[in-house]
Amino acid sequence: MNRNKTVSLCMIVKNEEKYLVKCLESVKELVDEMIIVDTGSIDSTVDIAKKFGAKILHYTWDNNFSNARNFSLKYASKDWILLMDGDDEFAKEDYSKFIQLVNTSSKDAHYFKTLSYAGKIKNNNIITNLNLRLLKNNKKYKFRGAIHEQITPIEGKMDYNNCSSEDIKIYHYGYLTDVAKDKNKRKRNITIIEKALENDPHNPFHIFNLGNEYYAMDKKEKALELYNKVYAKVVTTSGYYSKLIIRRIMCLDELGRYSDALQGIEEGLKIYEKFVDLELIRGWIYMKLKRFTLAIDAFNSCLKIVSPPIELEFINGANTVRPLQALGDIYYQFEDYEKAYSYYEKMLTYAYNIELPMSKIASILNKQYENKQFVTYKLTSYINLEYLPNLLLISKLLINEGLYDLALGYLEKAKEMEPNNYSILFLLGKTLFYQKKYKEALNIMSSLTEYNDITIDALKYIFIIRLIQQSNNIRNILDKIKDVSTETVYSIYNQLYNIYIGKETLCIKSEDSKEILSYTLIIFEELLKVQEFELFETLLEILNMIESRYVLLYLAKLYYKTGFKKMAVKEVLRSIKELDAFDLFGAEILYREIG
């Protein structure tokens, strides 16, 4: 489709080098000029923008996003203005929708879906919001508000009938943990909001946004306090009311206040009957409460809401992949594998990442069929094996199911396609390790140390193999581990080595004992998988050096996961008796194994 209207890209940026290339690449075919307003970058942001032919303007940052945004609008010369941030990416699959919109729209403003990745890595953990992205360049509008700026007419009142919401997606990377931390976004945002509240201390929108910042910082009690202030007085017609409802409910849920959360869901559904996200959270709460019949009802209600209003979308996949996964997990837990399989199979239609449903399908097939060739045949029927990432996926699934010989066949095929591919070589080494072919596994893993992007996972296997082989050449691997890992992870390996050689050791110090326990047991899990029990028993001494009353519970969970169920029961009972520590999973172990 040809675009017969012109578009200006307007952006305000500061230190956006990490994602700016991705951002500008995603829109260069959609715009006729790029207006980039830099507010003080000290990285390569400006140089990157220049390579795309952007017009670079400089603006002295004054802690006011609207001022900077309005400054950029003054220089736009085309029919429409596309508003983006430096850590955005325009969804390529929506190009034709965008072109049709600019060609035919008679409205002044359009809101697109912003899909923000949250957490540490880019995955399915996505939060959806509607944001103003396309503005007719008729010089009738400006932004107001120091942060979370809102469009407003220069003269008269805002007519929202002249705006519309579109099913066009912008991916946003700015709230991934590392990006937000690097930019110190939370501190910056809180400073701006608190300044605004000095001038207007009872402004509910500012209080709501302040709550969002504390929520993102994992200060849920403070966030809930602020949300409750707004919830008590804001009118239901406010544009952000649906977001207030769901964020408040999410706070209550995460704080374990399930009755209050369920009440909030009922109140919310009376106002927004198609608010599918609330049904989804209701299902999750019932799962936590072990009220599985009610959970199933809630998830099925999610699937019945086929087209929820765009303005009520918050949790990505709330009426598709997420309830399907939950239903699959419930039936899997109760060993109704036929129903579980059907839900996981339906997930493949929607899942952004098919690895999760495929891993569950692999597990079910492996449980049901003695003929492992058939298991492989069924798995491969879902994907195209001429595509290298799919070969790697099948290999991972077979490795996870302990079908190592079959995995090797697919890895060899992948290696023919790309002989020096790091991921292929790593999986080959891992498979040989599980087959206890330590010499061959070590040769492959050691070859990966020549790669600049050597990972801690590869070094983990080299470390373990050298301990198994009673090698004297371990210290150099510890040095490499120190180079690529955190101080905490390195200290775990160092202590394990000290135990191995009989050297006196001290307690491992860390602010997060859970991190130490979790990673230590990742190493122990590998030893149990290859049944290196003697070395496992030797290294268990490290648990005495970790300051946590949950040590034995973590060990019990590891035993249970790896099939040593009697040992799991023993450690749960020891945990109760010796450390007075017990949790829900420990209770499940006792219930399942001794009734």
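The model is a predicted one, in which local features need pLDDT of at least 70 and side-chain atom pairs count only at pLDDT 80 or more, while totals for chains, interfaces and linings use all residues. Residues are numbered from 1 along each chain as its sequence is written, and side-chain values use heavy atoms, with hydrogens and water left out.

Leu280 is found in helix H11, which covers residues 276–288; helices (H or I, at least four residues) and strands (E, at least two) are DSSP runs numbered from the N terminus. When residues up to four places away in sequence are not counted, Leu280 touches Phe299, Cys302, Ile315, Ala318, Arg322 and Pro323, where contact means heavy atoms within 4.5 Å. Arg248 lies 32 residues from Leu280 along the chain, and the C-alpha atoms of the two are separated by 15 Å.

Apart from residues up to four places away in sequence, Ser575 touches Arg549, Leu552, Leu553, Asp580 and Ala581.

Among the strands, S8 (residues 141–144) and S9 (residues 150–153) run antiparallel and are joined by four bridges; two strands pair if DSSP finds at least two bridges between them. Within this pair, Phe143 stands opposite Ile151 in S9. The two strands S8 and S9 form a hairpin with five residues between them, and Gly145 in the turn has a positive phi of about 100°.

The protein chain as a whole contains 28 helices and 10 strands, and 54% of its 595 residues count as buried. Along its principal axes, the C-alpha trace of the protein chain spans about 80 × 55 × 50 Å. Of the contacts in the protein chain between residues at least 6 apart in sequence, 62% join residues at least 24 apart.

Terms used
Buried < 20%, exposed > 50% of the residue type's maximum accessible area, 1.4 Å probe, protein only.
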